[in-house]
Amino acid sequence: MSLIDLSGNLLFVAFLAYLVATLLFGGAIKQSNASGKNTDKWGKLAIVVTIIGFLSQIGYFITRWVYTGHAPVSNMFEFTTAFGMFIVGAFILIYFIYRLTALGLVALPVALLIIAYASMFPTEVSPLVPSLQSHWLTIHVITAAMGQSILAISAVAGLIYLLKVVDLNKPSKQRFWLEAVMYCLVVVLGFVIVSSTFSAMDYESKYTYIDKEGMSRQITYNLPPIFGMNEYEVVEEHGMSPLVEMPALINAKKLTTVVWSLLIGSLLYLFIRLIARRRISAIFQPLVKRVNLQLLDEVGYRSVIIGFPVFTLGALIFAMIWAQLAWSRFWGWDPKEVWALITWLFYAAFLHLRLSKGWEGEKSAWLALIGFGIILFNLIAVNLILAGLHSYA
Amino acid sequence: MENIICACGHSNPFGTKLCEKCGRPLTEEEKQNKVVDMRYDGTAIRSKTYNKSIVDKIWNFFSSVKVGIALIIITLIAASIGTLLPQEFYVKASDMEKGAYYEDVYGFVGKIYYTLGLSDLYSSWWFQILVGMLAVSIIVASLDRGIPLYKSLKNQRVKRHESFLKRQRIVAEGQITASPEETLSKVEKKMTEMKYIVRRDGSALLAEKGRFSRYGPYINHVGLIIFLTGVMLRLVPGFYVDESIWVREGETRAITGMDGYFIENRDFILETHDNAPQGEQLKQGVNVVAKNFQTDITLYKQPKDAIAGDTENLEKVRDYSIRVNHPLKEEGYALYQMDYRLNELKQMNFQLVNKSTEQSLGKVGIDLTNPKKEYDLGNGVSVKLLVYTPDFSGFENGVPQTATSVPNNPAFLFKMTTPETPKGETSFVAIKQTLEPLGENQYKMKFESVETRDMSGFTIRKDRTIPILFVGGIIFMIGVAIGSYWNHRRLWLQVEPDGHVLMAAHVNKNMFSMKKDLDAVTAFAGLPQYKDQLEPSEEGEESTNRGNTKKEGDNTL
Amino acid sequence: MSRGFINLEKKKKRLVTRTIILAILAIAIGYTVYGTATKEKVELVAVGSEAPNFTLVDLNGEKHKLSDYRGQGVFLNFWGTWCKPCEKEMPAMNSQYQVFKDLGVQTLAVNIAQTDLEVQNFVDKYDLTFPVVIDKTKSVMTAYNVDNLPATVLIDPDGKVVKITTGEMTEATIASYMELIKPK
């Protein structure tokens, strides 16, 4: 077995372990009574399996690093996988400070979704262009990912907080938005399902099109085309033809992916609602009814406070050092940079609101969710839509 | 604005919430609260005290945290708008064409975006003013809060009034059986063991740890201000140089912005990864991935007192290979490998050929960097170069013109003299084009080969603000770290001679670990069990109880 | 009474401190906005300052050093053969050179890093009589911060820059400029 195969297998093992651990955490919570500080067998087993998964993923990370010769954070697959790994790491860290089992029930599925999302991108090893060959880049990306992961835990705590606190029996803005968050998670699942299904079928349709600079290019769809590229012509087509042609400004392939994910995600969501006959938030609510709100709030706040300095260091300071070396200026208002700054400003506002305006508890939980939304926006949307120097994919 | 005289006789500045000396609540609001607001230890925030002149009003505006947060949010939204479409400096169009570019590519939206100036948002006056206002807010708000907080913490009394202690989040009250002195000593011992600084005053005790963490926010604000000052200073002449030059292989030229220095481009090297293209590369139609962009250069310096153009006595400074991520650094300047152009024409080789016999009379190699007037091939054969245009753009009144000085499209007017044609024949030779203006010739200049050279684009950067930015960044990080990773813990204990104990504790964050300390000292000294006044009375209450968790002022700046 | 007085003093002091701090910050912001707005304009050497000294070699191999012309006005012209306006103003410069050279105005034409052959052909074509030097390393061009051609720098007999002009000149303008730097 070659190193790269080993690496892939380790990642797979980690994925399975997280899956099993999620179920175990669910079991632990059902078993537990009283405080949510669960130290019984299920809980212990769950964290042990999580740690095994985490170590396995570290194994993936190291073997891939050795194989490629550079830190595996240089394309969308590698970076996003590492992000998932650091989320699990941050969860383990917080778990050992607070022993809060309920956290695992949300943190691990989030990590699972992120890793699954990552593996929808090409996993090939790609060589680095000169500007990326820098130790500072490695340091910058890893530290930034760690900071983001710790910040993500506050969103996890916030979500649990809201699941417990929001009254799901009467209509309210809170109830709507909480369910919207759950819906988004299902859409990501929809993306994973639709992408992996068609990739298992080796689906491909090829077209030529005219890009916004007027150049003729070729594009390969891995999902049946719903939208056609600007002035597309068929090279090789399977299953269906594009229903609508898009102007050059819009990448119809990406739009197709988004619409497929929404479609499948919505169907999945409806299906769950029909089977369970209640909101997804309501399915989870009983699981978290015993958690200690004070403790959750503290965890949420603590993870922001631990994550914020790490994020500043990684996403801003180290980034500036690298940019100064590679691009001759430490700051270039590249979309990815700007969104890192926006993330930073947002969490600065979060801390000021909490400290000076007393925005704690529910308000703080909502803010944590928005913050994580910004982080994900920077990861997904900025890379895919607002392309800049950081465009991986 | 009257001073407030506390029941203990101390005179507090207007706006004080808790008496500076004994801690009694002074405002009605504080008296109502079960748990007091300890954010600034109850000191008067300066801005709230005077509000008379316009200066005070401006000051108070910026002093407000609410205003600060609003500024952060506005900056955040403004910054995000700038990412909707690419900014002008990423657009490959000349200044004149930019407006048209935005309209062409992004349609009506692009036109509006450009017209509103959003395409150059980050250097717009209003964005700069916004950031400037944020800086003012940081300075004013920190001064107003930091100084009183510092004074208050420095002048803390050990003995506090009962009403102060009872309004802390953590309170314990009860009777002890051991002697007061013994209890106090035990607490002192345990707290000292846990690295607290303990002060005693009669029957009162104050144990304190990590006070410096309260200054974290102010320290990081200082760092931010230093950083912003650095950013501003780059506009001051002499602090910042940003130039770019192109240098061809074999060429030596003066470095713009770096007086007295010359650079020779000895060789430009482009290496590619020799792997088979795969995956994403294939999809994007990229066949090779660059591995290395490098220019081997020699840096020269003029001797002292030398003047511009005097290149006779250049002193070699050093040889260096400038690569991406590895700029050349010299005297505060840095030279970056930023761009390249391959295969610019350097030399063109021709054969002088008899048209009918195809027989060659010799080879003429024309160095485009230094073409000669005449090339003598011996035996009465010679080629004169009458006109050379490096970038031929057409004829004007029969004279060939050049568009630039770069040999993009070289053209030559030759006069070929051979023993057969002693008067000489004239031929105009350009790429893929030969004209014989003075009638049919016997001979021609037959194109044979070219030699090329590459060109490197460098950016020259001097940024004397970097050390300032660096210091600002470090101070900021130190401030954030001590504000985040340490916390300020205090424990007050008062033991009456009759064994009545009143204990209170405060921590600015992380109550969780404070409670661990409290548990330890409670057990060790046999203190009454403490109560968390903010915790729901019964832990793990069934209902989705929200009311109890609403609290203010537990987490201190 | 005395307490109130002290308070008043304190208030006054506070007002002064606040005014000073706010004023400094306002100036800093103003400077930043102003500085950014004017950053784009590239300046040649400043008028009134001493013209950077230089030495360049002409087509005959003779050195021309700016400081050697101290006591004479120097009409310093930057040009290239590809630059049409440069080409157009050359004959006019040539004839005005004939008029002013005996009145103490020297003309120097600095070619930007072209080959000897091109420059020689150009000089022959227009029978240029003033010295034409070639700035092979673009060192003088850099020192004078020349960006667009043609650019002309007028230097008075004391070596000070009197005027900088870019773009094509008519013969009358050239004459008036030379008049400007004629030794008194």
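In what order do the six strands of the open sheet in chain B run? The order is S4-S5-S22-S23-S3-S24, and the pairing is antiparallel. At the edges are strand S4 (197-201) and strand S24 (531-532) of chain B, each of which pairs on one side only. Pairing here requires that DSSP find at least two bridges between two strands. Helices and strands are DSSP runs numbered from the N terminus, helices being H or I with at least four residues and strands being E with at least two.

Before I go on, the ground rules. This is a predicted model, in which local features need pLDDT of at least 70 and side-chain atom pairs count only at pLDDT 80 or more, while totals for chains, interfaces and linings use all residues. Residues are numbered from 1 along each chain as its sequence is written, chains are lettered from A, and ligands are numbered from 1, in the order in which they are written.

Strand S3 (residues 170-175) of chain B pairs with S24(B) in the antiparallel sense, over two bridges. In that pairing, Val171(B) stands opposite Lys531(B) of S24(B). Helix H7 (residues 180-193) of chain B packs on the sheet and touches S4, strand S5 (204-209) and strand S22 (489-495) of chain B. The direction of H7(B) makes about 170° with that of S22(B). Helix H11 (residues 511-525) of chain B lies across S3, S22 and strand S23 (500-507) of chain B, at about 150° to S23(B). For these angles, axes are lines fitted to C-alpha atoms, for helices over the stretch in contact, and the angles run from 0 to 180 degrees between N-to-C directions.

Two residues of chain B have backbone angles to note. Lys195(B), in the loop between H7 and S4 of chain B, has a positive phi of about 70° although it is not a glycine. Asn343(B) sits in strand S12 (residues 333-354) of chain B, and its phi is near 60°, also positive in a residue other than glycine. Are they buried or exposed? Lys195(B) counts as exposed because it has 11 C-beta neighbours inside 10 Å. Asn343(B) counts as exposed because it, too, has 11 inside 10 Å. The cut-offs, with C-beta atoms placed from the backbone, are 20 or more other C-beta atoms within 10 Å for buried, 12 or fewer for exposed, and partly exposed in between.

An unreviewed UniProt entry lists "domain: ResB-like" for residues 65-421 and 427-518 of chain B. UniProt positions are given in the numbering used here, feature names are shortened, and annotations may be inferred rather than shown by experiment. In the model, the span 427-518 of chain B is 30% helix and 47% strand, and its end C-alpha atoms lie 101 Å apart.

Now chain C. Its secondary structure comes to five helices and seven strands. What radius of gyration does chain C have? The value is 26 Å, whereas a compact globule of 184 residues would be near 16 Å. That radius is taken over C-alpha atoms, and the globule rule is 2.2 Å times the number of residues to the power 0.38. The C-alpha atoms of chain C fill a box of roughly 95 × 35 × 30 Å along the principal axes. Of its 184 residues, 36% count as buried. A cis peptide bond joins Leu149(C) and Pro150(C), with omega about -10°. Pro150(C) lies in the loop between helix H4 (139-143) and strand S6 (151-155) of chain C.

Last, the interfaces. Residues are in contact if their C-beta atoms, placed from the backbone, lie within 7 Å. Which of the two pairs of chains in contact shares the most contacts? It is chains A and B. There, 58 residues of chain B are in contact with 56 residues of chain A. Helix H3 (65-81) of chain B supplies the largest share of the chain B side, nine residues. Between the other two, 36 residues of chain C are in contact with 37 residues of chain B. Helix H1 (2-38) of chain C gives the most to the chain C side, with 14 residues. Chain A and chain C do not touch, and their nearest C-alpha atoms are 16 Å apart.
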